Amino acid sequence: MYAEQIHEYLNNFFKETNCDILEDEGFLLSVQLTVDMDKRIMNRPFYWQYIEATNSEPNPARLNLITDRSKMQTPFMGEMIHFGSGRLHQIFKTTKELGSFVKMYHSIDQNLENPMLIPFLCVNYKVSYLSDQTKEVLYSLGINLINGQIEDHFHEFVSQQNLQSTMPKNVYCLDFIIKPARGIERLDSMIQQIIQNDDHSWAEEAKARWEKELEVLNYFYDGVEEKPESYEVEKKALEERFNPRIKVEIINGGLFYLK
Amino acid sequence: MIIERFSNWREGFTERLEHDGPWDSWTLYKMSYETEKMNLIPDFSGLQAPKLLTNIQLLPHQVEAAQTVIEKMNGKAILADEVGLGKTIEAGLIMKEYMIRGIVKKVLILVPASLQNQWVTELNVRFFIPAIAYRKNTPIEHYDVMVMSMDTAKKSPHREKIYEQNYDMIIIDEAHKLKNHKTQIYEFVQSLKKKFCLLLTATPIQNDVFEIFYLVSLLKPGHLGNYETFQASFSATKNSIDGEKYLKELVNQVMVRNRRQDTGIEWKTRKVHTIPVRFTEEERRVYDMIGELKTVSSIFSSSFTMVTLLKEMCSSKEATYLTLNKMMQKGISNEEKEYIDMIMDKLANLEVNSKAEKVLEIVKNADDKVIIFTEYRATQAFLQWYLHSQGISSVLFNGKFSKSKRDWVRQLFRERDQVLIATESGGEGINLQFCHHVINYDLPWNPMKLEQRIGRVHRLGQEEDVHIYNLAIENTIEQKILDLLESKIDVFEKVVGDLDDILARKA
């Protein structure tokens, strides 16, 4: 993420979370946080505990964020924000918390006759393959809640569309035939199927590495009648290091009424 | 294979469906997906960390080392770069990569007490890793990344507290401190679970080939066989090896070692001079008298005491005097007392210290900043007095100094005094790139100590050639030390790899 991207990201984030942007120079951003946002990104629970216990006037922080130091001409007291800084990751996390569930409608040209919208359910999955190495893949699956058809890259599609969060006027939204709860199940089993059909030589390779290191370990204690505790400890460590496993995480998802 | 499912998204979504809300912002929803996409780890191989580390200029050999450790050594390795090439940075990079990939969360870093704060700062500032320095009563269960001194860690109740934690990664700096398998720290680390593990040392062999055996066995038991098979193959005599090629290959499977010259950076050369010094007749007489001590009494027959005294005599009369004086306090016979008295008398009458005169000559010729290393505190004090009497100002340094005192001394040396006189323990943890001359006033038995000393000066950031002066008095024990150092360097080069010059090369 480059400096300009970060700047834009922060700008969008604070606008979207109703924090006042007091100054925006393109490389620095001065923001007045709301109480809620202070609690989420400033890491000062004791302050808020105190304010609430004593019923004092809350004083949420004002942040001076510098996104590109190279463009600074006058000295300015502020916090450097860059990809990798703790604050930015806190903001990423908050974005995730505040952007988990949506319900969106296609915007409709009012001149259309009998416009009708079809319900879809979308779930964005992150699949991680883990051993002593990692790989991650994103899947955005969408299911048509009328006919049950499932499509990949659903997010790429909807993010290109003109959507709104309120139902357009004079529009008829079809009721779903497949219940959303059932839809989630279908998508979950789809993701399972995708994983099963994937190439798992990585897991075989991890097991082979594990096997090899175990042989070395056993050789060290070869002929030792009563193996010391350190043997078991090492063995356990090998298992934790190499044992291949798969993790499925949901990033976010929602209900979409589309043309 | 087991598929773990994480997330309570399903419950949250169902709840919102029931109440038709509250629904989240479409913008934040899209931003969240984009963030995930950007932070995705698309491949098992390659490094993700470098692009996040904006506060650090990584050198190619450091990135390569990290990649080798992660991809070829599966996260367990000895980082054995020569002093000053950035082992700490390599370790930080590896740790960061595993943390980003979600494989490592809890890390324990064991270091000499003097380096504790340096590690904490480096990790926080350069790697954005929230590391904490362990002090008494720090609740270790609350912190993921802990930097602890080795001496503290090995003792109760700290060791028990550590055993209770489930660390994903163990990093040990100055790991040559673990070369002796009979020590408490070795035993402690041996019983510690080491899922991912990095041992950092520029000097994996200091004296003999068994040190590398114990070090590797700590990291990966069995990699060099067990003790019996190893001994059978390699121990004909301790300091010379037959299967050296085979051993070197095995060692290189678990060890990354960058040398200055393979870093692609232009290094200033080090010019090593052996400076022979000749005793005056008076000095020689006292030296020989000390040599005769063992015939005078059995209490001097212990070779350790004898060697100490002889080495001290090669250093300064002050150092010798202190040890002799200590002996006088012990219950010894009148005859023995008389002989020692005689030596002490002769010592007191010595007016010239030939070695110190040589030092003066070198310092004057250098006409520049000079570091002098000695093994003895008494010699250190003497040298300061002597140089002062010749109009040369100096400042003292030793390893027991606190962080702030170190910085202060460094400052004084940089801005005020021409000479810094350090004792052995001052070898670690102070960087003096602005100095170009190192005098080894007396020689340690261990060549790697010399390397550590030189490394204070000959490291990244040095802009001029570095001159090393090894002083040795002719026809004394120092001559033997020189020979032994040479044979130890030979073992190191055969098993670990080439070394930069420590001693002057023989023609």
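Helices (H or I, at least four residues) and strands (E, at least two) are DSSP runs, numbered from the N terminus. With that in hand, here's a quick tour of this predicted model, where local features need pLDDT of at least 70, side-chain atom pairs count only at pLDDT 80 or more, and totals for chains, interfaces and linings use all residues. Residues are numbered from 1 along each chain as its sequence is written, chains are lettered from A in the order in which they are written, and side-chain values use heavy atoms, with hydrogens and water left out.

**The largest pocket**
- Its volume comes to about 1,600 Å³. (A pocket is an open set of points on a 1 Å grid over the protein atoms alone, where a 1.4 Å probe fits, with protein on both sides within 12 Å along at least five of seven lines; lining residues have an atom within 4 Å of a point.)
- The volume is the space filled by probe spheres set on the points, which are joined across faces, edges and corners.
- The lining takes in 45 residues, and A:His89, B:Met99, B:Ile100, B:Arg101 and B:Gly102 lie nearest the centre.
- Among the elements that each supply at least two lining residues are helix H4 (86-98) of chain A and helix H2 (26-38) of chain B.
- H4(A) gives the most, with 7 residues.

**A sheet in chain A**
- Four strands form an open sheet in the order E1-E2-E3-E4, with mixed pairing. (Two strands pair if DSSP finds at least two bridges between them.)
- Strands E1 (20-24) and E4 (79-80) of chain A each have a single partner strand, so one side of each is left without a neighbour in the sheet.
- Strand E3 (residues 62-66) of chain A runs parallel to E4(A), joined by 2 bridges.
- In that part of the sheet, A:Ile66 stands opposite A:Met80 in E4(A).

**Domains** (bounds come from an automatic or database domain assignment)
- Chain A has domain 1 (3-98) and domain 2 (101-200 + 247-258), and their C-alpha centres lie 32 Å apart.
- Chain B is split into domain 1 (56-263), domain 2 (270-276 + 353-495) and domain 3 (281-349).
- In chain B, 28 Å separate the C-alpha centres of domain 1 and domain 2.
- Contact (heavy atoms within 4.5 Å) links 26 residues of domain 1 of chain B with 22 residues of domain 2 of chain B.
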